[in-house]
Amino acid sequence: MITNKIEKEIEIVLNELEMPLEGVAVTISNRKDLCDYQFDGVFKLAKLYHKNPMEIGSQIVEKLKNNQDYQKVEILPPGFINFTLSDSCINNELNNMLQNEKYNIKMPAKETIVIDYGGPNIAKPLHVGHLRSAIVGEAIKRMLKYMGHNVISDVHLGDYGLQIGQVIYGLQQENISLQDITLEDLERIYPQMSKLCKEDENVKTICATITKDLQDGNEEYQTYFKVIKELSQSDIKRIYDYLDVSFDLWNGESDAYPYITKVTEELEAKHLLKDSEGAKIVEVSKDSDSKEIPPLIYQKSNGAYLYGTTDLGTIKQRSIDYQPDRILYVTDRRQALHFESVFRVCNLLGYKEKFEHLGFGTVNGPDGKPFKTRAGNTPKLEELFEETKQTFLNSSEKNQGMNESDLDILVNAIIKFADLQNNREKDYIFDIKKFSQTTGKTGPYILYTYLRVNKILTQENKQSETLNKIIYNKEDRDLRLKIIELESALKYAVDTRLPSLLANYLYELCVNINAFYEKNHINNLDDVNKKENWLILLALSNNIIKDMLDLLSIKIPERM
RNA sequence: GUUCUAAUAGCUCAGUUGGAUAGAGCGUUAGCCUCCGAAGCUAAAGGUCAGGAGUUCGAAUCUCCUUUAGAACACCA
């Protein structure tokens, strides 16, 4: 990475000047009119060694001036050191990217990572609230895999909680026999019963009892459970297939049950389980807490287990099956406190895994309130896809002739890029109009850029894979500099688990490619060297687009 | 009530350990197809970074206060 290279050179110079500095950091310039990269540690040095910043800066610049990597190194008041890279330095970097695996990106130490996302409840169709977990989780999974980790994804179905008791009760109330249960029944009964339980304490108790009996192995309820799960799961799979989101494991809360006894034994051995108002809890608060962390409720007073309990069982299961170094959860941010409790219990039990809760913001409608349709329901994902598709078809006549598979690819690209460019942690406004947009900073823009360039590449032949030392003009240079930024952009996105950073880099790359494309025409070029170099450059750009789009789970259509 | 999180252009959002002139897209206005795909490109207009104080050579970014909005807070997930 070019920043590391410059940092090392600065460190050497500082040692020569006998002014060592910890954490020398070079960053991409925010004044592209002045330089490519900048170093602003001079101010720290000035404070540390009680000298004038400009004076120190000049000494550093003097020592770096003759380095072949820089076309220009200068100090500007009040004390910024500005680096402008030489053409040969830029092209060396690019050639390294061309000639090595995965663009010469340095891979981190390999870890085994379980990533838990999606998290749909059975008996409930996927709605917009599930979209972010699926899209963001899938992108994080793919990024981690790209960086060489051993990644195991788990959809972690919500299949054994109170909602199942509610649905079973509802089915029985309506006398729907096992073989007649339909998906529509489930989708109708679930919200009905959920509402009823809030209104009627008695109904809630009955549903809770059914849930408890189910968990204890009641045969009748088990049969219901299997039918409901089968029906619901195949529908959930269908939607994830459409989104090109896939899971290695289709485990759920119910699969964690055999492991709960193990966790219970461990908790009892350490005397961590306490009785409180009839329930069993684990105290997790610490003296150092600035806020109160409520205890984890391990077992309800009626004996049933809860979300936290199954999460602990699941962790035990994963630990036995895969010995992960790290477990990631991609869920709504509102569950932060829940995960804090669970992770603390794991800590008390001495578990070695590292845990991360990657929360995301709430999906709101254009009015800033939780997303609802006009009928007052949360819209199903399927309806959203259909609406996006129709809007896309109507937006231009040329779309009407698109084949079905390219059309689905476009719908995916539109929805995913619109979601992914937002910061994961923030709430966001879900506006169907915005999500159907195809101009500007959108998925189609990226795809369009790729296809336009790809046409040139299929028409022309290049002979080699190595760039010479020449850069021909500003648009050319800007594009090359942006390509060099790939490694830092990707690493930053992976480290922070923020796919939005990768999406934004990809967009910026495309902006540079489009500027290049407008300015520099490649066909009819007499200068064969120039043509050859530009073809190599464009091929590299397009390979990056393709690979990064794949990390964001966006495919490329044949035509658009 | 307590504790968190947020507030940046008309709208939706970026903004890497504090750095130089706060950036995009949409929308608005003005240009660019005899030339590789105009879903594109080039410009213009648009900001008291909620308000106030502090720390610092330097603050959208850190601290404190105020206002506004959202969320979490023991047997839902």
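**Ground rules.** I am working with a predicted model, in which local features need pLDDT of at least 70, side-chain atom pairs count only at pLDDT 80 or more, and totals for chains, interfaces and linings use all residues. Residues are numbered from 1 along each chain as its sequence is written, while chains are lettered from A and ligands numbered from 1 in the order in which they are written.

**RNA surface.** I looked up what surrounds RNA strand B and found 71 residues, the closest being Ala25, Phe43, Gly161, Asn423 and Gly440. I took a residue as near if its C-beta atom, placed from the backbone, lies within 6 Å of the strand. Elements that give two or more residues to this surface include strand S4 (80-85), helix H6 (162-173), helix H12 (336-348) and helix H19 (499-519). Helices here are DSSP runs (H or I, at least four residues), as are strands (E, at least two), numbered from the N terminus. Which element gives the most? That is H16, with seven residues.

I also sorted the surface near RNA strand B by class: 31 residues are nonpolar, 25 polar and 15 charged. Ala, Val, Leu, Ile, Met, Phe, Trp, Tyr, Cys and Pro count as nonpolar, Asp, Glu, Lys and Arg as charged, and the others, Gly among them, as polar.

I followed S4 back to strand S3 (residues 70-76); the two run antiparallel and are joined by six bridges. Pairing takes at least two DSSP bridges. Ile75 has Ile81 of S4 as its bridge partner. Three residues lie between the strands, and Gly79 takes a positive phi near 155 degrees.

**H18 and H19.** I found helix H18 (residues 486-496) packing with H19 at about 160 degrees, axes 7 Å apart. Axes are lines fitted to C-alpha atoms, for helices over the stretch in contact, and angles run from 0 to 180 degrees between N-to-C directions. H18 is therefore roughly antiparallel to H19 (an angle over 145 degrees). Tyr492 and Ala493 of H18 are among the contact residues, as are Leu502 and Tyr505 of H19; contact means C-beta atoms, placed from the backbone, within 7 Å. I counted eight nonpolar, one polar and no charged residues there.

**H19 and H20.** I noted that the axes of H19 and helix H20 (residues 528-551) come within 11 Å and cross at roughly 155 degrees. These helices are therefore roughly antiparallel too. Leu502, Leu506, Leu509 and Ile513 in H19 meet Ser541, Ile544, Ile545, Met548 and Leu551 in H20.

Conventions
Parallel < 35°, antiparallel > 145°, perpendicular 65-115°, else oblique. Contact = placed C-beta atoms within 7 Å.
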